[in-house]
Amino acid sequence: MATEAQIETVLKRVERARPAHFFKCMDEVQVGIGAVLRLLYKSEETVTAGKISDVLEVSTARVAVLIKKMVSKGLISKEQGVKDARVTIVRLTDFGTQVFEEIWDDIYRKIGIIIDTVGEDRLMEFISIAEEIQSTVSPLKFHLL
């Protein structure tokens, strides 16, 4: 059983290392606008709002909000389906493609720096340990008074 001193040491090191902050750029590409950009960029077929909802496992209401934001930023265009006007077809604009490529290039650059600095073996060990930790504990629960 872990001692209080061990727990305190781990908490202090995690606070100093800030691993969540460190990998935030990759997290952002997995959720929200970044995830939609990635899905549209990688997809070889027509993407509908419904498909975005299914792939990202988020509500259609959330997807509608994301699409509205992304259209206003000029990242995507949307149109009604030809056969079914209830279907929204979503496409990347040239600007959206440029933004995603810049994000993806930045992620590749940062991962390259990490590999060069700590080594691939140590990085893979870190990821394996992080996966093991993730499967061991559920997220912390905070209750507001």
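A: T46 sits in the loop that links α4 to β1 (47–48). Helices here are DSSP runs of H or I with at least four residues, strands are runs of E with at least two, and both are numbered from the N terminus. The model is predicted, so local features need pLDDT of at least 70 and side-chain atom pairs count only at pLDDT 80 or more, while totals for chains, interfaces and linings use all residues. Residues are numbered from 1 along each chain as its sequence is written, and side-chain values use heavy atoms, with hydrogens and water left out.

Is T46 buried, exposed or in between? T46 is partly exposed, because its relative accessible area is 43%. The cut-offs are simple: buried is under 20% relative accessible area, exposed is over 50%, and partly exposed lies in between (1.4 Å probe, protein chains only).

Which residue is 7.6 Å from T46, C-alpha to C-alpha? That residue is V90, 44 residues away in sequence. Strand β3 (residues 88–92) also holds R91.

G81 and T48 are 33 residues apart in sequence, yet their C-alpha atoms are 8.7 Å apart. G81 is placed in the loop between β2 and β3. G81 counts as buried, because its relative accessibility is 11%.

E79 forms a salt bridge with R91, and their closest N and O atoms are 3.3 Å apart. E79 is in strand β2 (residues 76–80) and R91 in strand β3, so this pair ties together parts 12 residues apart in sequence. A salt bridge here means a side-chain nitrogen of Lys or Arg within 4 Å of a carboxyl oxygen of Asp or Glu. E79 is partly exposed at 36% relative accessibility. R91 is partly exposed as well, at 36%.

Two packed helices are described by the angle between their axes and the distance between the axes. Helix α4 (residues 32–42) and helix α5 (residues 49–56) have axes that come within 11 Å and cross at roughly 115°. The axes are lines fitted to C-alpha atoms, for helices over the stretch in contact, and the angles run from 0 to 180 degrees between N-to-C directions. α4 and α5 are therefore roughly perpendicular to each other. On this scale, under 35 degrees is roughly parallel, over 145 roughly antiparallel, 65 to 115 roughly perpendicular, and the rest oblique. α4 passes α5 in a right-handed crossing. Right-handed means that the near helix is turned clockwise from the far one by less than a right angle, and left-handed means anticlockwise.

E57 lies in the loop between α5 and α6 (60–72). Its phi is near 55°, a positive value in a residue other than glycine. E57 is exposed, because its relative accessible area is 73%.

Next comes helix α7. D106 meets R109 in a salt bridge (2.7 Å, N to O). Both residues lie in helix α7 (residues 94–118), three residues apart, about one turn of the helix. D106 also forms a salt bridge with K110, with the closest N and O atoms 3.1 Å apart. D106 and K110 are four residues apart in α7, again about one turn. Shared partners join D106, R109 and K110 into one network. D106 is partly exposed at 25%, R109 at 47% and K110 at 33%.

Helix α8 (residues 120–136) holds F126. F126 is partly exposed, with a relative accessible area of 39%. M124, F126 and I127 make a nonpolar surface patch of about 260 Å².

Last, the whole chain. It has eight helices and three strands. Their order along the sequence is α-α-α-α-β-α-α-β-β-α-α. Of its 145 residues, 21% count as buried. A search of the whole structure finds five salt bridges. Patches are built from residues with over 30% relative accessible area and no salt bridge, joining like charges within 9 Å and nonpolar side chains (Val, Leu, Ile, Met, Phe, Trp, Tyr) within 5 Å. Accessible areas come from the Shrake-Rupley method with a 1.4 Å probe, and for residues only the protein chains shown count as cover.
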